[in-house]
Amino acid sequence: MTPEALKRVAAVLRTAHRVAVLTGAGISAESGLRTFRGGTGATAADLPADMQALWKEFDPMRLATPEAFDADPAMVSRWYDWRRLGCLAAEPNAGHRALARLERELASRSGQLTILTQNVDRLHQKAGSRVVVELHGTILEWRCTMSGRRTTPSPEPMPAYPMPSPFHPRGVLRPDVVWFGEMLPEAALKAAAEAVEACEVFMSIGTSAVVYPAAGYIAAAAARGAMTVEVNPEATPISSAVDVSIRAKAGEALPRLVAGAFDSSGLA
Ligand code: BJW
């Protein structure tokens, strides 16, 4: 991470009013949650023995589909319930907290930060961010496959997999997340389009930028004239197209960036 790159972005943030960020699993890696596609998240050694076997045997990407749930609702429910408990136990890290501060700084001059998150873990909200658009839903709420009614399961392992629905005699509960081939929530798509349209700066943080429609937002923001920034220790398909690439962990880069923009000492 070069100080020049940080200084360049900090200088723009210092006076910007509308900022949008897209976050992915990488921002939660430093909170101990696994990413989907490699990277530096938790390792298989962190998993309980039976879940290690599950991750070895099955591609997590193949579990995030309606077809996988239909084929084996017990296994997919158990996998999501294990992840749900992990999200409940996780704490936001310095990256989440820096974005919560950025929101407060912008709000203090009638600006706005919009966080478009692909994450289902609610760690941005736990860190204090208020304007959070959940593009892929949340794992903390589950919904009935028959009625669509939502419920927040208690913070213990579910007593059965799949969990019978309390709302419909033939329903079971599924996580209220967006699987491949499913539509994103309409309100989230609308809020994302508005944020992309209005922002002066768009930052892509901790995402491999391969899942659409989220992966398309940075190009759309660039086309509207926004400054584009990527924060990721690894290169992604968008790295060569952004104005500034910060090759670093979110938990290290974001606090420095926000301090550089808003602390009187700035960036050393
Ligand atoms: C760090 C770090 C640190 C590590 N600091 N960084 C256009 C073109 C092609 C295909 C499509 C298209 N439009 C739609 C599609 C189809 C499909 C799609 O995108 N397919 C592609 C894979 C080819 N999209 C959909 O189906 C979407 N629906 C849709 O578009 O509906 C309309 C439609 C329907 C049918 C046909 C066509 C259109 C829905 C997508 C839903 C994605 N769902 C999941 C699961 C959510 C539930 C769950 O949690 O299980 O969402 S999949 C998974 O991927 C999850 C994530 O949100 C998502 C993105 O992953 P993310 O966050 O980027 O994580 P990783 O692991 O990939 O990357 C982590 C990054 O962090 C890495 O780069 C690391 O280097 C970095 N990192 N440590 C900073 N400390």
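Good morning. The model is predicted, and local features are discussed at pLDDT of at least 70, side-chain atom pairs count only at pLDDT 80 or more, and totals for chains, interfaces and linings use all residues. Residues are numbered from 1 along each chain as its sequence is written, and side-chain values use heavy atoms, with hydrogens and water left out.

I begin with the ligand. How many residues surround the ligand? There are 36, and the closest are F36, R37, Y80, T207 and S208.

A polar side-chain atom of R37 is 2.4 Å from a ligand oxygen. For H136, a side-chain N or O atom lies 2.8 Å from an oxygen atom of the ligand. In G181, a polar backbone atom is 2.8 Å from a ligand oxygen. On its own, the ligand has 1,500 Å² of accessible area, and the protein covers 78% of this. Such areas come from the Shrake-Rupley method with a 1.4 Å probe, and for residues only the protein chains shown count as cover.

Which elements give two or more residues to the shell? They are α2 (25-29) and α6 (73-89), and α2 gives the most, with three residues. Helices (H or I, at least four residues) and strands (E, at least two) are DSSP runs numbered from the N terminus.

I turn next to helix α9, residues 186-198. Its 13 residues reach 19 Å from the first C-alpha to the last, close to the 18 Å expected at 1.5 Å a residue; the expected span is 1.5 Å times one less than the number of residues. The buried residues of α9 are A188, A192, A195 and V196. They lie on the same side of α9 because they cover an arc of only 95° around the axis, taken from the directions from the helix axis to the C-beta atoms. An α-helix has 3.6 residues a turn, so residues three or four places apart point the same way. The face turned away from the buried side carries the exposed residues E186, A187 and K190. Buried means under 20% relative accessible area, exposed over 50%, and partly exposed in between, with a 1.4 Å probe and protein chains only.

Finally, I consider the backbone in several loops. Which peptide bonds are cis? The bond from Y161 to P162 is cis, with omega near -5°, and P162 lies in the loop between β5 (150-151) and β6 (173-177). The bond from Y212 to P213 is also cis, with omega near 10°.

P213 is in the loop between β7 (201-205) and α10 (217-223), and A209 lies in the loop between β7 and α10 as well. Although A209 is not a glycine, its phi is positive, about 55°. Is A209 buried or exposed? A209 counts as buried, at 9% relative accessibility. S110, also not a glycine, has a positive phi of about 60°, and sits in the loop between α7 (94-107) and β2 (112-117). S110 counts as exposed, at 70% relative accessibility.

How values were computed. Near = heavy atom within 4 Å. Polar contact = N/O pair within 3.5 Å; in protein donor to acceptor, adjacent residues only side chain to side chain.
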